[in-house]
Amino acid sequence: MTQPATTPVVRLNEPRHRYEILVDEQRAGLTAFRDRDAQRVFFHTEVDEAYAGQGLASILVEQALNDVRATGKRIVPVCPYVAKFLKKHEEYADITDPVTPEVLEWLDAQLARR
């Protein structure tokens, strides 16, 4: 008999600019961001293929957005998955800023520095 998976854990990995979701201490996915003043700009979300179909991306993004709210920052959903999540979860509308050409230009410059 297989053991049931433990409850996924979401943690902020500040040095790597991302939130990670762990299942049994293994990283199953991440959502990456860069901070722009009081905005947290989310630009990429992924879940490893081995963990697909378990709803982990939704858990990850929800907990990441709750953390953004708790820190007093605002959300900018450049990532298509985060944008889609926000359309279904209007409770985050009060802390969501639009994706603008300025934000995209700034993000490109940030990511080029890697």
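**Reading the labels**

Guide: Let us begin with Phe33, which is buried, with a relative accessible area of 0%. Please keep in mind that this is a predicted model.

Visitor: Why does Tyr19 count as buried?

Guide: The relative accessibility of Tyr19 is 2%, and buried means under 20%, so Tyr19 falls within that class.

Visitor: What makes Tyr19 and Phe33 a tilted aromatic pair?

Guide: The centres of the two rings, Tyr19 and Phe33, lie 5.5 Å apart, and rings pair if their centres are within 6.5 Å. The planes of Tyr19 and Phe33 make 45 degrees, whereas stacked would need under 30 degrees and edge-to-face over 60, so the pair is called tilted. By this rule the count of aromatic pairs comes to four.

Visitor: Which parts does the pair of Tyr19 and Phe33 tie together?

Guide: Tyr19 belongs to strand β2 and Phe33 to strand β3, so the pair links parts that are 14 residues apart in sequence. Tyr19 and Phe33 also form one aromatic cluster together with Phe42.

Visitor: In what order do the strands of the sheet come?

Guide: The sheet is open and has five strands, in the order β1-β2-β3-β4-β5, with mixed pairing.

Visitor: Why are β1 and β5 called edge strands?

Guide: Strands β1 and β5 (74-77) each pair on one side only. From one strand to the next, the twist averages 30 degrees.

Visitor: Why is α1 called roughly perpendicular to α2?

Guide: Helix α1 (residues 56-71) and helix α2 (residues 80-88) pack at an angle of about 80 degrees, and their axes are 11 Å apart. Angles of 65 to 115 degrees count as roughly perpendicular, which makes that the word for α1 and α2.

Visitor: Which residues make the contact between α1 and α2?

Guide: On the α1 side they are Ala57, Ser58, Val61, Glu62 and Leu65, and on the α2 side Tyr81, Val82, Phe85 and Leu86. Sorted by class, the contact of α1 with α2 has seven nonpolar residues, one polar and one charged.

Visitor: What makes Asp24 partly exposed?

Guide: Asp24 has 44% relative accessibility, and partly exposed covers the range between buried, under 20%, and exposed, over 50%, so Asp24 belongs there. Asp24 lies in the loop between β2 (18-23) and β3 (26-36), and its phi is positive, about 50 degrees, although Asp24 is not a glycine.

Visitor: And what class does His17 fall into?

Guide: His17, at 30% relative accessibility, also counts as partly exposed. His17 is found in the loop between β1 (9-13) and β2, and the phi of His17, near 55 degrees, is a positive value in a residue other than glycine.

Note on methods
Residues are numbered from 1 along each chain as its sequence is written. This is a predicted model: local features need pLDDT of at least 70, side-chain atom pairs count only at pLDDT 80 or more; totals for chains, interfaces and linings use all residues. Side-chain values use heavy atoms; hydrogens and water are left out. Helices (H or I, at least four residues) and strands (E, at least two) are DSSP runs, numbered from the N terminus. Buried means under 20% relative accessible area, exposed over 50%, partly exposed in between (1.4 Å probe, protein chains only). Axes are lines fitted to C-alpha atoms, for helices over the stretch in contact, and angles run from 0 to 180 degrees between N-to-C directions. Angles under 35 degrees count as roughly parallel, over 145 as roughly antiparallel, 65 to 115 as roughly perpendicular and the rest as oblique. Contact means heavy atoms within 4.5 Å. Ala, Val, Leu, Ile, Met, Phe, Trp, Tyr, Cys and Pro count as nonpolar, Asp, Glu, Lys and Arg as charged, and the others, Gly among them, as polar. Two strands pair if DSSP finds at least two bridges between them. Rings of Phe, Tyr and Trp (its six-membered ring) pair if their centres lie within 6.5 Å; planes under 30 degrees apart count as stacked, over 60 as edge-to-face and the rest as tilted.
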